[in-house]
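Morning, everyone. Please have a look at the structure on the screen before I start.

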Amino acid sequence: MIAATMNEMVNVQWEKNYMDNGILDFVLENKLRVFPLHSVIDGKCTCGNEKCSKIGKHPFFTIGWKKVATNDREKIDKLFDFGVSIRKNLGIIMEKDIVCVSVEKKNKDLIDKLLKFGTFCYTSKNSYHFWFRYRKRGAKNIAGIIKDGVEIIGNGKYVIGPGSLYVGGMYEVVNNNFEIKDFPEFLLNIRSNDRITSFVKEGNYKKIVERLENGEKVPKGARAITMLKILMYYRLKRIGQKESADELFRIAKRYSENCFEESLNDEEIAWIV
């Protein structure tokens with residue numbers, strides 16, 4: 001009986017903070033797709049896994065979340081009514097020209113600066129989440145980690161929406177300004193300078209390769225030194241085997257085309273090889 005009452009209270013709280021405050025309407029007006037995530041009850045994930053490492057953060061349905069996601073209100077109601085006794089968090093896909101700049105609370109100066117833009121913003125346990133429109137080259141070109149504790153989320157990745165629960169609290173809107181402002185260009189300068197330094201100073205060749213395999217891109221100012229480290233990684237990995245210049249060139253070409261923000265030309269690659 002107590003458990004049922006607690007679950008009922010949680011669902012009422014969800015309705016009040018997630019539906020009645022116009023959050024879903026705002027999201028759908030911007031043509032973004034949503035889908036249900038597992039949520040939190042009594043400090044545990046509703047997925048039922050006692051050792052869950054992503055409490056309230058992973059998709060409710062086991063099938064692909066991008067296939068489930070929709071901006072059709074009738075379909076959304078059905079998705080979130082499924083398993084009615086289990087409340088769900090709100091997953092929102094960042095796509096088109098909209099990005100979310102997620103800033104950990106330790107970056108107080110940057111948070112204060114971004115709050116002045118008056119764009120849509122909400123908080124979680126450790127971060128502020130600012131939504132912006134990036135109208136120039138497409139949001140997918142700027143997504144990624146730009147410095148420690150600051151990430152631009154876009155390009156089809158999802159964020160957890162306001163009204164959702166985390167252990168100990170709720171994702172809450174900071175202001176009632178339901179407007180998405182233009183992306184502040186100064187963030188790209190932070191990204192460029194810090195990321196160049198991170199590649200130049202990284203001495204662990206394996207970590208560089210792992211960063212690239214996980215989708216990070218090499219900025220223009222760090223291309224040659226990073227390529228050298230990539231090739232050194234493959235030489236050390238296959239120590240005792242002779243890599244031909246042609247094979248090293250093919251490896252370098254693949255990384256240049258897929259993992260560099262601006263590819264090296266064949267002459268530059270041949271020089272590094």
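First, the ground rules. This is a predicted model, where local features need pLDDT of at least 70, side-chain atom pairs count only at pLDDT 80 or more, and totals for chains, interfaces and linings use all residues. Residues are numbered from 1 along each chain as its sequence is written, and side-chain values use heavy atoms, with hydrogens and water left out.

Now the rings. How many aromatic pairs does the structure hold? There are 19. Rings of Phe, Tyr and Trp (its six-membered ring) pair if their centres lie within 6.5 Å; planes under 30 degrees apart are stacked, over 60 edge-to-face, and the rest tilted. Take phenylalanine 120 and phenylalanine 178. Their ring centres are 5.4 Å apart and their planes stand at 35°, so this pair is tilted. The pair links distant parts of the chain, 58 residues apart. Phenylalanine 120 sits in the loop between α5 (108–115) and β6 (121–123). Phenylalanine 178 sits in the loop between β13 (172–173) and β14 (181–182). Helices here are DSSP runs (H or I, at least four residues), as are strands (E, at least two), numbered from the N terminus.

Buried or exposed? Buried means under 20% relative accessible area, exposed over 50%, partly exposed in between (1.4 Å probe, protein chains only). Phenylalanine 120 is buried, at 1%. Phenylalanine 178 is partly exposed, at 30%. Ring pairs also join both into a cluster with Phe26, Tyr122 and Trp131.

Next, helix α7, residues 205–213. Which of its residues are buried? Ile208, Val209, Arg211 and Leu212 are. Just after the helix, glycine 215 takes a positive phi of about 105°.

Last, strand β4, residues 89–93. 5 of its 5 residues are buried, so the strand is largely enclosed by the rest of the structure. Both faces are covered: Asn89, Gly91 and Ile93 on one side, Leu90 and Ile92 on the other. What does β4 pair with? Two strands pair if DSSP finds at least two bridges between them. Strand β1 (residues 34–37) pairs with β4 in the antiparallel sense over 4 bridges, and leucine 37 has asparagine 89 as its bridge partner. Strand β10 (residues 158–160) also pairs with β4 in the antiparallel sense, over 3 bridges. There, glycine 91 stands opposite isoleucine 160.
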